[in-house]
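Look at the structure first, then read on.

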Amino acid sequence: MIYADNAATTNMSEAAIQTMTTLLREAWGNPSSLYEHGQRAKEILEKAREDVAAVIGADPAEITFTSGGSEADNQAIRTAAALGRKQGKFHIISTAFEHHAVLHTLEALKKEGFDITLLDVHENGIVLPEQVEEAIRDDTCLVTVMTANNEIGTIQPIREIGAVCRRRGVLFHTDAVQAVGHIPLDVNADNIDMLSASAHKFHGPKGVGFLYAKKGVRLANLIEGGAQERGKRAGTENVPGIAAMAAALTEIHGKMEANTAHLTAMRDRLIDGLSQIPHAALNGDAKKRLPGNVNFCFEGIEGESLLLLLDDKGICASSGSACTSGSLDPSHVLLAIGRVHDVAHGSLRLSIAEDVTEEEIDYIVTSVREVVEYLRGFSPIWRDLMAGKKEFIL
Ligand SMILES: *Cc1c(COP(=O)(O)O)cnc(C)c1O
């Protein structure tokens with residue numbers, strides 16, 4: 001099997017599995033308990049906080065552990081909204097292609113009286129700092145722009161966007177779930193006030209993540225209860241999961257330079273290979289994208305059929321078309337970069353991992369080419385395109 005869906009989730013690293021299994025047996029105490037067994041769990045928890053903080057240049061006190069990226073996104077946005085409410089500021093700026101954890105929270109806030117501006121991300125899938133600057137108003141309480149997009153992998157100029165926000169006195173949050181562990185990040189140099197991350201996107205366990213909030217940003221609670229996480233996130237901490245996240249992050253962060261060099265070469269080989277297929281196009285900027293992300297549209301086919309046939313060939317991939325999630329709408333990300341419905345339905349996302357080989361890349365290219373040709377062989381849309389009854393778009 002070739003697993004090329006690392007943007008959906010990653011396998012756990014050996015370091016993470018080792019850490020987690022050991023601690024499940026040995027450190028199951030409650031970190032809030034005062035006896036030795038609880039205090040040992042507390043020490044492990046605080047060491048994990050230090051390790052995670054170090055990777056993004058934060059202070060350990062600025063890290064709150066959560067159940068993952070979705071919760072961190074919700075809490076960050078709700079925090080800014082609560083502060084905004086107090087100051088009579090009800091305007092939030094974001095982009096059209098954020099993850100649903102961000103977009104759906106913003107939709108909920110809209111119903112609560114907030115005014116939401118979603119910025120255009122252009123054909124290349126990149127929002128410009130000037131757009132953010134122009135959109136900021138006196139009543140703007142938050143700018144939230146993702147560091148890297150989960151479907152098309154495009155990397156946003158967050159340092160410059162953060163600088164604009166700082167100059168204008170507006171809070172800046174970034175959903176960095178796809179970026180942490182994969183590209184360099186430094187919350188201070190990058191002018192970030194709040195940042196969301198999730199362990200299962202960098203070879204840690206699912207159901208664990210963290211929210212960075214700069215000193216002075218008082219987090220609003222999503223979950224009320226005990227005084228865990230300095231009273232900002234109630235619930236007994238998942239110590240083995242959190243420690244496994246820290247182990248995975250420390251490891252992948254230490255290998256970032258080598259990983260990036262290898263992945264970029266493999267990504268570009270994959271892009272070159274798939275570009276040879278007629279009436280196909282890469283989605284998102286060719287260079288300003290995650291080292292492991294490739295996303296293509298193929299005219300005249302359905303992404304769902306493509307995935308099923310690739311599965312038969314042992315390749316796990318993903319498509320932007322949301323049929324699998326019970327919706328007939330194509331991906332909001334592909335629509336945001338200007339792909340029309342028909343074309344957006346024929347999309348393929350391949351997100352490769354650090355250990356991918358050249359042979360695997362070549363096998364993916366050959367397989368995708370075969371499957372696309374096969375599907376076009378009995379696609380009514382393709383027949384119309386070939387007969388000149390319909391115009392090619394790609
Ligand atoms: C996966 C993902 C999330 C959600 O993270 P979970 O830990 O699965 O809740 C949020 N944002 C982005 C960009 C993601 O890729």
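## Helices α1 and α7

Helix α1 crosses α7 in a right-handed way. This is a predicted model. Helix α1 covers residues 14–26, and helix α7 covers residues 239–254. Their axes are 8 Å apart, and the packing angle is about 160°. Angles over 145 degrees count as roughly antiparallel. Therefore α1 and α7 are roughly antiparallel to each other.

Which residues make the contact? On the α1 side they are A15, A16, T19, M20, L23 and L24. On the α7 side they are P240, G241, A243, A244, A247, A248 and E251. Sorted by class, the contact of α1 with α7 has 10 nonpolar, 2 polar and 1 charged residues.

## Helices α3 and α4

Now take helix α3, residues 69–87, and helix α4, residues 100–111. Their axes come within 9 Å and cross at roughly 30°. Angles under 35 degrees count as roughly parallel. That makes α3 roughly parallel to α4. The crossing of this pair, α3 and α4, is right-handed.

From α3, the contact uses S70, D73, N74, I77, R78, A81 and R85. From α4, it uses A101, V102, T105, L106, A108 and L109. By class, the contact of α3 with α4 has 7 nonpolar, 3 polar and 3 charged residues.

## Helices α9 and α12

Helix α9 spans residues 303–312, and helix α12 spans residues 358–377. They pack with their axes 10 Å apart, at an angle of about 130°. How do the two helices lie to each other? The crossing of α9 and α12 is right-handed.

Here S305, L306, L309 and L310 of α9 meet residues of α12. The α12 partners are S367, V368, V371, V372, Y374 and L375. The contact of α9 with α12 has 8 nonpolar and 2 polar residues, with no charged ones.

## Around the ligand

How many residues surround the ligand? There are 13. The closest are S70, D175, Q178, S198 and K201. One of these, S70, also belongs to the α3 side of the contact with α4.

D175 has a polar side-chain atom 2.7 Å from a nitrogen atom of the ligand. Q178 has a side-chain N or O atom 2.7 Å from an oxygen atom of the ligand. For K201, a side-chain N or O atom is 2.8 Å from an oxygen atom of the ligand.

Technical notes:
Residues numbered from 1 in each chain as written. Predicted model: local features only at pLDDT ≥ 70, side-chain atom pairs only at ≥ 80, totals over all residues. Heavy atoms only, no water. Axes fitted to C-alpha atoms, helices over the stretch in contact; angles between N-to-C directions. Helix = DSSP H or I, 4+ residues; strand = E, 2+ residues; numbered from the N terminus. Parallel < 35°, antiparallel > 145°, perpendicular 65-115°, else oblique. Left-handed = near helix turned anticlockwise from the far one by under 90°. Contact = heavy atoms within 4.5 Å. Nonpolar A, V, L, I, M, F, W, Y, C, P; charged D, E, K, R; others polar. Near = heavy atom within 4 Å. Polar contact = N/O pair within 3.5 Å; in protein donor to acceptor, adjacent residues only side chain to side chain.
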